[in-house]
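I want to go through the fold piece by piece and jot down what turns up.

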Amino acid sequence: MLKDLFTKNTKKKKYATIPSTRLQQDVPEGIMSKCPQCKKIMYSKELAKNLKVCLECGYHYPMNARERLESFLDEGSFSEFDQDMMSGNPLNFPEYIEKLEQDRKKTDINEAVVVGKGLVDGHEAVVAVMDSTFRMGSMGSVVGEKITRAIEKADEWSLPFIIFTASGGARMQEGVLSLMQMAKTSAALKKYSNNGGLIITIMTHPTTGGVSASFASLGDYNLAEPGALIGFAGRRIIEQTIREKLPSDFQTAEFLLKRGQLDAVIPRAELREKIANILDIHESGGDVEW
Amino acid sequence: MVGELEFEKPVLELKKKIAELKEFTAKTEVDLTEEIAKLEARLEKLERDIYENLKPWDRVQIARHPQRPTTLDYVPLLFTDFFECHGDRNFGDDEAIVGGIAKFHGLPVTIIGHQRGKDTKENIRRNFGMPHPEGYRKALRLMKQAEKFRRPIITFIDTKGAYPGKAAEERGQSEAIARNLFEMAGLRVPVICIVIGEGGSGGALALGVGNHLHMLENSTYSVISPEGAASILWRDAGKAKVAAEKMKITAPDLKELDIIDEIIPEVKGGAHKDTVLQSKAIEEVLRRSLKQLLPLSEEELIAQRYNKYRAIGRYTVAGEYIEIQS
């Protein structure tokens with residue numbers, strides 16, 4: 001109505017808006033980054049050089065699969081497997097294809113895990129890296145299949161199998177097919193293990209649900225990055241179930257180390273060296289001359 | 001009637017009406033035989049219509065029925081000489097999982113199953129059939145024992161899921177489940193798994209890596225509860241019914257997806273209506289399974305089990321759809 005038009009006009013702001021303090025603290029994405037833990041503002045380049053670990057407080061930013069491979073493997077040593085494997089939406093789940101498409105565009109990868117072969121300080125290994133920026137790193141048929149194939153290749157070539165986990169768990173949109181990937185990957189590890197295969201898992205933030213309850217926990221060496229959230233059930237569900245507040249360090253890597261669930265918590269800067277150390281010991285034969 | 005389910009109300013109402021008419025006839029000598037016969041014919045049709053066309057959500061209700069038979073209800077009906085074993089030898093005895101040795105038609109077997117309660121008191125003792133790590137570790141101990149003495153293993157799956165609690169996390173719920181998947185894959189004896197109620201996620205799968213996997217007709221097997229899926233996907237737990245349909249969690253769905261071997265038919269209206277009769281149907285399938293698996297060598301058993309799970313998954317490679325049939 002005409003009257004409405006007038007009232008609107010009278011309410012028109014006659015002053016300039018001042019950004020809230022929160023907005024003021026926000027930094028242009030790309031050039032600068034603000035640590036979510038200590039709030040320090042850093043140059044993104046500097047942060048990247050420090051392997052995405054906060055220069056102030058040591059907070060470990062999540063790494064995507066490409067960043068991880070780049071920082072962990074010898075330069076140019078990685079060759080990828082099964083790059084073009086994609087989900088076929090087996091249950092015809094509503095909106096699933098669209099969500100996958102969005103994430104493919106957003107992340108530049110086809111699924112939530114990247115697998116291949118590479119060198120860790122000269123030691124050859126089959127490496128799998130999950131990526132939490134793709135569907136929360138959730139495991140459906142493709143993730144299960146790629147990991148299983150990678151384990152089978154490690155078995156065939158008698159190479160160590162190293163996996164960086166980062167996942168919210170099984171992917172709901174593929175229902176029971178996702179659940180069964182837990183059995184499939186675990187069975188592949190069992191077979192590989194029986195043949196003497198070496199399994200190293202590095203749990204990164206977050207490793208939960210069906211992924212933590214399958215291959216992530218099945219390493220000969222179960223390692224984790226500082227501060228990583230690792231657990232079976234979600235905090236909210238546990239709090240609702242037991243009707244009490246959980247301590248703030250609950251389900252962190254450090255919490256699990258204290259309770260005997262991990263071999264070691266290793267800062268990102270030392271990962272390459274520590275894992276190369278394990279690989280070196282395993283490669284050394286038993287026949288020595290004293 | 002106690003424990004009646006929403007979808008079967010029309011049947012129960014009609015049954016009540018017929019009973020009333022019969023009583024009336026007996027008391028007053030007014031002849032209503034014809035009326036009763038008509039209603040009985042209608043009842044038969046109605047029962048067929050309802051019980052033979054159960055929707056996924058109806059099956060969820062039956063699978064969750066408080067009176068649905070549990071592992072320990074079936075054990076004495078299927079086996080003789082059951083001896084229950086307790087404890088994981090490390091921490092404690094989790095009564096949400098029961099296990100022990102028994103005979104199946106003279107054949108020594110190991111039995112392991114989730115165990116719910118049917119009333120509050122028993123449910124508290126059994127933690128509503130939701131195991132802690134020590135439950136899974138007890139199960140694994142008994143499986144290894146079965147392997148040592150070359151006994152086939154029969155597991156009954158019936159849980160909403162592994163218990164989401166503080167102590168469970170501290171003691172390694174994830175590791176306990178993962179370890180069972182890993183070790184079950186390598187067992188040198190036949191493993192037969194039967195879903196008798198709810199198959200809730202990893203907590204169910206931890207007893208579920210077998211040579212054969214069967215499901216009772218109205219049981220469910222799912223990566224997450226329909227309520228959980230609905231609240232995560234659509235932020236509305238009320239859409240559980242939709243999620244139950246979309247996620248494909250019923251025995252017929254899983255048969256179609258090639259995940260399970262056999263659907264064990266249920267007594268009309270659900271196993272709780274006649275446990276003895278229901279156990280006969282389970283017995284038949286179990287006998288058939290054992291007959292197939294007993295002649296296999298250790299290597300064949302491991303390979304058969306490996307291939308069964310290895311084949312699960314559907315995806316495309318360079319645009320081509322891959323669907324492996326087991």
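Below are my entries, in the order I looked things up.

**Entry 1: what kind of model**

I am working from a predicted model. I'm keeping that in mind for everything below.

**Entry 2: chain B as a whole**

I started with the make-up of chain B, which has 14 helices and 10 strands. Its radius of gyration is 22 Å, close to the 20 Å from the globule rule for 326 residues, so chain B is as compact as a globular protein of that length. Along the principal axes, the C-alpha atoms of chain B fill a box of roughly 70 × 55 × 45 Å.

I then checked burial: 56% of the 326 residues in chain B are buried. For contacts in chain B with a separation of 6 or more, 70% are between residues 24 or more positions apart. Chain B exposes about 14,200 Å², and carbon and sulfur atoms supply 53% of that.

**Entry 3**

Which strands make up the open sheet, and in what order? I find 3 strands in the order β4(A)-β9(B)-β10(B), with antiparallel pairing. From one strand to the next the twist averages 35°.

A helix sits on this sheet too: α6 of chain A (residues 141-157) packs there and touches both β4 of chain A and β9 of chain B. I noted that the direction of α6 makes about 150° with that of β4(A).

Next I went through the pairings one at a time. β9(B) and β10(B) form a hairpin with 2 residues between them, and A318(B) in the turn has a positive phi of about 50°.

**Entry 3: strands β1 to β3 of chain B**

I moved on to β2 of chain B (residues 97-104), which is mostly covered, with 6 of its 8 residues buried. What does β2(B) pair with? One partner is β1(B), residues 80-84, antiparallel over 3 bridges; another is β3(B), residues 107-114, antiparallel over 8 bridges. For landmarks, I marked E84(B) opposite G100(B) in β2(B), and K103(B) opposite P108(B) in β3(B). The hairpin of β2(B) and β3(B) has 2 residues between the strands, and H105(B) there takes a positive phi near 50°.

I looked for a cis peptide bond and found one from H205(A) to P206(A), with omega near -15°. P206(A) is in strand β8 of chain A, residues 199-208.

Then came positive phi values in loops. S158(A) is not a glycine, yet its phi is positive, about 50°. S158(A) is in the loop between α6 and β7 (161-167) of chain A. Is S158(A) buried or exposed? It counts as exposed because its relative accessibility is 64%, and the cut-off is over 50%.

R150(B) has a positive phi near 55°, and is likewise a residue other than glycine. R150(B) lies in the loop between α6 (133-148) and β4 (153-159) of chain B. At 62% relative accessibility, R150(B) also counts as exposed.

**Entry 4: nonpolar cores**

Last, the inside. The general background is that nonpolar side chains tend to be buried together in soluble globular proteins.

Which residues touch the most other members of the largest nonpolar core? Of its 123 residues, they are F161(A), I162(A), Y221(B) and I259(B). Helix α7 of chain A (residues 175-194) gives the largest share of this core, 10 residues.

Leaving aside residues up to four places away in sequence, I259(B) touches V176(A), L177(A) and M180(A) in chain A, plus L213(B), L254(B), K308(B) and I312(B) in chain B. Another core, of 23 residues, lies apart from the largest one; among its members are Y74(B), A102(B), A281(B) and L301(B).

Definitions and conventions. Residues are numbered from 1 along each chain as its sequence is written. Chains are lettered from A and ligands numbered from 1 in the order in which they are written. This is a predicted model: local features need pLDDT of at least 70, side-chain atom pairs count only at pLDDT 80 or more; totals for chains, interfaces and linings use all residues. Side-chain values use heavy atoms; hydrogens and water are left out. Two strands pair if DSSP finds at least two bridges between them. Helices (H or I, at least four residues) and strands (E, at least two) are DSSP runs, numbered from the N terminus. Axes are lines fitted to C-alpha atoms, for helices over the stretch in contact, and angles run from 0 to 180 degrees between N-to-C directions. Contact means heavy atoms within 4.5 Å. Buried means under 20% relative accessible area, exposed over 50%, partly exposed in between (1.4 Å probe, protein chains only). A nonpolar core is a set of buried Ala, Val, Leu, Ile, Met, Phe, Trp, Tyr and Cys residues joined through side-chain atoms within 4.5 Å. The radius of gyration is taken over C-alpha atoms; the globule rule is 2.2 Å times the number of residues to the power 0.38. Accessible areas come from the Shrake-Rupley method with a 1.4 Å probe; for residues, only the protein chains shown count as cover.
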